[in-house]
Amino acid sequence: MSSTPWWAAEDFWRKCAIFVTAFMALVLILLTFHSLAAIQSGAGRVPAYSVINHRIDYRMDSERGYQIPVIGAEAPLFGRKLTDAEAEQLVDLGKLTVQAKNCMNCHTLLGNGAYFAPDLTKSWLDPGWGNEQAREVLMTLFLKDPVANARTFGTGRSMPNMRLTDDEVRGVIAFLKWMSAVDTNGFPRGFEPLPQGGA
Amino acid sequence: MAEATADIAATEVRATPAAAKALSAAQRLALRYFLVAMVLFLVQMVFGLLAGLQFLMPDFLHGALDFNVNRMVHINAMIVWMLYGFIGSIYWLVEDEAGVPLVGIRLAQATFWVLTIAVAVVVIVFLVVQVGPGEMRSIWLINEGREYIEAPRWADIGIVLCMAAFFYNVAATFMKGRWSGISGTLVLDLIALAGLYFAGMFYTTNISVDQYWWWWVVHLWVEATWEVLVGCIMAWGLMKTLGVRRKIVTTWLYIEVALMFGSGILGLGHHYFWIGTPEYWLGIGGFFSALEPIPLVAMVVHAVYDAGRHGFQSNNHPALAWLIAHAFGNFLGAGVWGFIQTLPQINLYTHGTQWTASHGHLAFFGAYATIVVAFVYLALQRWRGDVWMSGGLPDKGRKWKWALALLNVGALGMTIALLIAGYEQSFTERAIGGSTWQAYFAGQTTVWFVQAMYWRMAFGVLMTVGLLLLLWDFLTIGRGETRAAKVVPGDANTR
């Protein structure tokens with residue numbers, strides 16, 4: 001028993017387990033402070049809520065090797081420019097609605113969720129809406145009655161009617177517009193946004 | 001036949017099974033936890049089948065029991081039954097490990113009922129009310145809408161209180177009795193596991209901040225603290241089934257903890273590639289998560305080496321078989337299936353596709369379902385009177401062997417089918433189609449994707465048959481058995 005080499009000893013590995021765990025936890029905590037500061041709304045990588053007053057576009061960044069969001073000219077949602085507080089309130093209503101309606105158990109947001117329906121990260125910019133002018137109207141109609149306005153692309157899958165109020169519909173669209181301006185390091189790959197007027 | 005004779009010859013005659021010691025109150029409580037776990041396992045399978053069927057027949061139950069509801073019940077029943085299985089396993093081993101009766105048994109019994117009633121209410125609300133208006137009221141009472149931790153806030157608070165009571169039972173019992181490497185690791189791990197749950201108990205508008213903390217719960221549970229928890233359970237299980245020396249399992253446990261937390265804590269970074277977090281996570285997450293399979297290899301080596309070293313002479317063949325299934329399932333499902341898509345260069349194409357579903361199915365089954373099943377067998381053996389469960393069972397062990405085969409083949413078959421679906425999705429939707437909604441549906445309608453969904457369904461049915469057989473075996477194994485449990489060599493070291 002006394003011939004157990006140091007690298008196979010219980011005591012050595014207990015110390016290893018304690019030190020490794022403590023060190024890794026410390027590094028994670030330090031990185032968390034940095035990352036949380038970097039992802040506050042308006043801090044750069046995640047847009048301010050008032051971004052919904054602007055056009056959102058994507059441009060190839062040759063240095064980073066993928067597309068990055070670009071905040072363009074004024075293009076208020078539903079034609080009305082909101083104050084910072086109003087914008088935050090509307091996006092917040094949308095986020096709450098997305099949670100309360102359990103959207104994430106069919107869709108993915110930022111790629112997380114379920115895989116029964118398309119990813120919503122850049123749904124505001126999806127070319128499927130046709131053009132910039134029709135987009136808000138089509139999104140509203142779809143969210144109000146997704147069964148009648150279903151576009152199943154041959155899968156037969158249609159979204160159930162979640163009975164959203166008019167305010168909730170506006171909130172969800174505002175949330176989706178805001179989320180589409182998050183810098184996701186190029187996810188999803190190769191996305192080509194809907195053509196919009198000069199950014 | 002020769003084997004059976006040899007087995008019997010190796011048996012020492014003990015007290016007859018009928019006169020075996022009655023179960024302690026904590027062990028009876030563990031059996032209750034196992035019972036609820038198995039009911040929820042069945043619920044998980046039923047709702048998995050419904051959700052799987054909706055891929056093939058989208059109109060099935062549309063507007064009544066939609067995919068989002070079925071999928072939510074499917075994954076939540078799973079999380080809860082595995083937690084029940086872990087709690088049951090810990091109540092099962094705590095007295096043996098501490099050497100004293102459980103401290104606070106009445107509190108433990110009350111906690112069981114509170115937790116079980118809360119789980120039942122949550123599931124009924126999920127099924128009947130389903131969703132609510134976009135108000136905080138819905139988050140508090142109906143559904144938080146965050147994958148895996150959908151339970152409404154009132155239930156979160158209840159779960160935390162129940163976990164605190166459970167923690168008290170376990171920690172106080174060890175404090176009154178004796179500590180060991182296993183119990184020390186277990187108690188520290190339970191603190192981390194319970195503490196992490198708080199990271200999921202708040203609401204924020206900012207989706208990136210939301211996801212940042214959400215992954216603290218989801219990743220640091222299933223890829224860190226749950227793994228260490230099953231490492232503790234496994235260590236105890238190997239001592240009990242094979243008679244492995246305590247010093248060996250404890251040293252291995254420390255090695256596993258060092259490797260698991262060494263890779264898994266910063267491996268969290270592989271979830272921070274695309275949620276808005278800074279680019280340094282691409283390097284950190286890619287590197288550390290690529291190391292995550294290493295502790296799982298160590299666990300396979302440990303389990304298989306120990307089993308071989310003891311000539312597979314176990315006192316509980318079904319439990320040992322499931323422990324070995326755990327070692328391989330954990331390595332394949334959590335290790336290999338995670339590794340194949342963990343580098344950001346690959347993950348950019350696979351994140352949020354059926355690749356993830358494929359990984360999830362094998363990882364949860366392989367790492368966690370298997371070890372709970374092993375513990376149920378250990379508990380049943382004792383409950384039925386410390387009876388013989390080695391070779392030469394009355395039905396030649398057909399039920400447990402077929403259940404083992406069907407469940408494992410079913411899980412692996414679903415995993416491979418979903419991986420094929422995932423390949424199709426990555427190519428068609430991401431690489432070629434440019435990730436638009438049209439590209440998404442183009443991927444979903446390719447012939448191979450659709451075929452894969454049929455195969456997934458078929459293997460899901462196979463697995464369900466396996467589960468029914470397993471439950472039948474649980475109800476019958478060891479009944480009417482007159483032989484006492486085999487005494488494994490070295491058994492005395494562990495008692």
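This is a predicted model: local features need pLDDT of at least 70, side-chain atom pairs count only at pLDDT 80 or more; totals for chains, interfaces and linings use all residues.
## Helix H8 of chain B

Helix H8 of chain B runs over residues 207-242, a total of 36 residues, and its first and last C-alpha atoms lie 49 Å apart, close to the 52 Å expected at 1.5 Å a residue.

Of the 36 residues of H8(B), 34 are buried, so the helix is largely enclosed by the rest of the structure.

## Packing against H12

Two packed helices are described by the angle between their axes and the distance between the axes. For H8(B) and helix H12 of chain B (residues 317-339), the axes come within 10 Å and cross at roughly 145 degrees, and the crossing is left-handed.

On the H8(B) side the residues that meet H12(B) are Met234(B), Gly237(B), Leu238(B), Thr241(B) and Leu242(B), while H12(B) contributes Ala319(B), Leu320(B), Leu323(B) and His326(B).

## Leu196 of chain B

Leu196(B) belongs to helix H7 of chain B, which spans residues 181-197.

Beyond its neighbours within four places in sequence, Leu196(B) is in contact with Trp216(B), Val217(B), Leu220(B), Trp221(B) and Thr225(B). Thr350(B), 154 residues from Leu196(B) in sequence, lies 27 Å away in space, C-alpha to C-alpha.

## Domains of chain A

Chain A is divided into domain 1, covering 6-38, and domain 2, covering 49-179. Taken over C-alpha atoms, the centres of these domains of chain A are separated by 40 Å.

How values were computed
Residues are numbered from 1 along each chain as its sequence is written. Chains are lettered from A and ligands numbered from 1 in the order in which they are written. Helices (H or I, at least four residues) and strands (E, at least two) are DSSP runs, numbered from the N terminus. The expected span of a helix is 1.5 Å times one less than its number of residues. A residue is buried if 20 or more other C-beta atoms lie within 10 Å of its own, exposed if 12 or fewer, and partly exposed in between; C-beta atoms are placed from the backbone. Domain bounds come from an automatic or database domain assignment. Axes are lines fitted to C-alpha atoms, for helices over the stretch in contact, and angles run from 0 to 180 degrees between N-to-C directions. A crossing is left-handed if the near helix is turned anticlockwise from the far one by less than a right angle, and right-handed if clockwise. Two residues are in contact if their C-beta atoms, placed from the backbone, lie within 7 Å.
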